[in-house]
Amino acid sequence: MRILLTLLLFMIFSQAIHAQQDPVVVQTLTFDSISTRRGVFAFPDDSQSWRKILMVHTLKCDPATKQDGYDCGEWDYLTYNQIFHHTGDMDSTALTHPLFLEGTDAPSSVDLLQIPIYDRQVKTFQEPVLQHVGASKTSTVVPAIPDQVYIPLPSPGASARLQAIYTAQELLAAGVVAGPLDQLVWYDEQPEAEFFLTVRLAHTTATKTDQVLDEVWTTVVARPWETTGQADSLLFTTPFVWDGASNILVDMAFDQSTNEPFFALQGGDLNAEMASLRQGPDGYLQFDGNSFLSLPDDRFDELNDEITICFWARGGQEQPVNGSILEAVDAAGRRVLNIHFPWSNGQIYWDAGDGPDYDRINKQAVESDYKDQWNHWAFVKNATSGSMKIYRNGQLWHSGTGMKRLVQTITRFSLGKGLTYNGPYFGSVDELMVFNRELPMQNIRDLMQYKLGPFSPYFDDLIYGSGFDVQDGIYPNLVAPQESATAFGPVQWVGRPGTQLQYAEQPYVSRPTLGFVQGDYDLYTVSDTLHTLHPHPLTSIVTYAIANHQPVGVDTIHGWKASWSYTWDVTGVAIDSVAISGGMSWTNVDLNYFSVPFEVIDEYEIGRYITPYGIGLTLGDGFSWVYDVTDYAPILKDQVELSAGNQQELIDLKFLFYPGTPAREVERIERLWGGLKSHSYKNLDDDVALPPTTVDLDPDAVSYKVRTRITGHGHNSNDGNYPHCCEWKNNTHTLHVNNQKVADWHVWQTHDCALNPVFPQGGTWPGAREGWCPGDLVKDHEFEVTNFISGPSATIDYSITPVPANNLGMGGGNYVMDMQLIQYGPWAHEVDVEIYDILAPSSVQYRSRLNPMCHDPQVVIRNSGSLPVTSVTLNYGVSGGNVQIYEWTGNLAPNDRATVLLPVPSSSFWVGDGSNEFHVEITAVNNGLDENAENDTMSASFEIPKSHKTGIRFRLRTNNYPTENSVKVWDAQGNILLNQGV
């Protein structure tokens, strides 16, 4: 049994290493392709054979890159070199879609009522009962300018909140003395108005009510009330003790009105600016991850280079999760606006800009920023100045510069979920405002205090605005009420009680005439109860039909889902329930349809790369990596569509086609398990992913190879301790063909990362990893499997080290995998050995860790014939110098490689004509002739190392963990001269 395990790492750069024939160069992406990473390019046709095809992948750090604010990208990202092979075959996909959706859910059935459903909550209150009163005195603060105070309660369930200040001078002048206050007297002028009244008193130093005042309150009245149309005595359940020096702030809240649309109190002194009124209803929306709001798209074409988005938000206990509080997309479904609030890592992201990409700023938040408490947020972009900003509670929280993408292509805008990936938001939102300009900080602070109205200086810049103050599933635009946002799914509307009203509808109103009563009171309280109503969330379903090969929403039906109506006691225990049924009944079925016919395009990954940690990194005029892509010759011809890299760095991608006869023609490339995919470690272990697969073999194929390209990712474990999976775990990978084990192998990069010539990088770049290193190509592993195959098909299976039973959390890590079965025709030659690479001496960038050198050259030979090779004779030397002869002996199976050390007899070996060219040639194979001379020679340019006549001093500088480092020094013969721990 013969197993071939090779690393497809072939580093030839045409200016430094030379083969016999000059290659045909195909240029694809260039450094001028700033943002283009995919395109169609002209390649040679199949009229000529190619001995070897190389892909030269060059990166350059440059300020023109668009991914982030660094010349080279900040992070190590996976990138893929892929070919999109157009087959010309047409196909379509059988699909299904539910008859209706409730938000993002597809329930089996729904009954919708057109009348609200309420739960009832038993609320207790204390009713004061007067037993005895001694001497008492009413001290009334009388306005200098009489007027009336109107308290609007326009609908059942409406609320209002009045705050009024009474100064210490006024109180003392009226006869109030320091000590307990036992009741208030107001003078109402509207009989039979009913509501729940809450009166709170506090000491204050404020003299104006230009904003909501929040003090240390004493609740003196909290009970149902019915006005009498005359002087009413509001007897306190708890006295308020006045200190005789402070102003008194009176806060009155009116809830659950049932009869009159308003009532009036006697008052006056409007211009004193000592009273203000907040009016309900005032509510907010609560999202459960299955519901969202669709904003009207009528005015988003007014956006261009500036935008401000403001809202209040309070995240739920589920946060943080991978979701979006809002997202807007263009007609192609590409993101234009997005706010992750936050992402699962606790960072808040603000994305803004027309596609195909967008600008982004982000910052780590603390829990109090996004959950459990209300905060006001504003997200701002000005593409002209290039600034993006985030404000929290009226203060600048984060900002970024250089953000120049416009915002002018929005066609859909959702609140409560992401559109591009259905990312949910769990939490509450209020007072959403979208403006077509950058609001200054003071305007943002104004929006924290006052309801936006037509006379606000920035009202004309409003695109969409709603306070979400009414529960009906449709939320009109303040600037154009005929344009409404629509709720999809059970968007919960929550009304605020009067005591929580914050926005001033009327910043200043007349102040009520109040009598402050003091005396000798003897009272007790009795408990009573009141049932308050709490509405069920309004929901909606969207019904669909199939038109033009896709589901189209045809109707939206709002209503309340048939359910139980509960009565809860004061402790929250259900004491009664009633089933509410009826309405329209909807039963879900699947709508079966076929997608729009499409051309079958097979995607082939031909190479993979990991970007470097790029902060502060420079790659000069570019750093090159070279891939041997000869096996992909059948798809690298004519018009080729390809993609490569991302936008962290500039990229140049060219292909070098070397004329000649390939070692064996590729008959078919089979993408095992569908090609490039990511699989969880758990699913690989359980055989949910990559179970045994049977593939048909090409009738013209006579030999076979499995190529694997595997990288492990993720930081998953039960306790967070190293090794996390799967970036940092060394697993065993196993390949079976037709139930026979082909090989166990490891992709663990023990020393490759630390020896990477792209250094020094940031982050953890030197650490050993599972299958990859930052700033390097991903090394393929190949297995010759011809001896395991017979018949017209082959069954291939993969397995991996089991997930540790004591650390099942590792199973959440993942592997990005691509495996291919390469099927070949006959070998072109029986005896053919090629010079595959020159490792040293070499001036190639990638070989800089081995060069410059002046000891034994290292070359790689490959058996490209069908017969085993046991000996190879090589002639080698520098241009103008003495030629040496070396005979290598061993056992090299077909397609195997070997690294050969060519001995240097003395330092005079390196003396030549000064051109610094090294040459190597195969002159004999198996003591006979090589049948194919076109791959027998190779040359490389090199540099002579510096010569030091005196002693050498080493200085080692480490990071903050010096004990992790050591120093070893070898001589040319491999003898250790220094072995020193730090």
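Colleague: Why does Phe263 count as buried?

Modeller: Buried means under 20% relative accessible area, exposed means over 50%, and partly exposed lies in between (1.4 Å probe, protein chains only). Phe263 has 0% relative accessibility, so Phe263 counts as buried. This is a predicted model, in which local features need pLDDT of at least 70 and side-chain atom pairs count only at pLDDT 80 or more, while totals for chains, interfaces and linings use all residues. Residues are numbered from 1 along each chain as its sequence is written, and side-chain values use heavy atoms, with hydrogens and water left out.

Colleague: What makes the aromatic pair of Phe195 and Phe263 stacked?

Modeller: Rings of Phe, Tyr and Trp (its six-membered ring) pair if their centres lie within 6.5 Å; planes under 30 degrees apart count as stacked, over 60 as edge-to-face and the rest as tilted. The structure holds 36 aromatic pairs. One of them joins Phe195 and Phe263, at 5.0 Å centre to centre with 20 degrees between the planes, and is stacked. Phe195 lies in strand S14 (residues 194-204) and Phe263 in strand S18 (residues 262-268), so the pair ties together parts that are 68 residues apart in sequence. Strands (E, at least two residues) and helices (H or I, at least four) are DSSP runs, numbered from the N terminus. Phe195, at 3% relative accessibility, also counts as buried.

Colleague: Which residues do ring pairs link into a cluster?

Modeller: The cluster consists of Phe311, Phe341, Trp350, Trp377, Phe379, Trp397 and Tyr425.

Colleague: How do you know that Cys61 and Cys72 form a disulfide?

Modeller: A disulfide is a pair of cysteine sulfur atoms within 2.5 Å. The sulfur atoms of Cys61 and Cys72 are 1.8 Å apart, and the two residues form a disulfide. The torsion about their S-S bond is about -80 degrees, so this disulfide is left-handed. Both cysteines lie in the loop between strand S5 (50-60) and strand S6 (78-91), so the pair ties together parts that are 11 residues apart in sequence. Cys61 is buried at 12% relative accessible area, and Cys72 is buried at 0%.

Colleague: Why is the disulfide of Cys725 and Cys726 called right-handed?

Modeller: The torsion about the S-S bond of Cys725 and Cys726 is about 80 degrees, so the disulfide is right-handed. The S to S distance is 2.2 Å. Cys725 and Cys726 are both buried.

Colleague: What is the handedness of the link of Cys753 and Cys773?

Modeller: The link of Cys753 and Cys773 is left-handed, with -85 degrees about the S-S bond. Cys753 lies in the loop between strand S55 (748-749) and strand S56 (769-770), and Cys773 in the loop between S56 and strand S57 (776-777), so the pair ties together parts that are 20 residues apart in sequence. The sulfur atoms of Cys753 and Cys773 are 2.1 Å apart. Cys753 is buried at 0% relative accessibility, and Cys773 at 1% relative accessible area.

Colleague: How many disulfides does a search of the whole structure find?

Modeller: The search finds three. With bonded cysteines counted along the chain, the pattern is 1-2, 3-4, 5-6.

Colleague: Why is Cys854 called partly exposed?

Modeller: The relative accessible area of Cys854 is 48%, so Cys854 is partly exposed. Cys310, at 1%, is buried.
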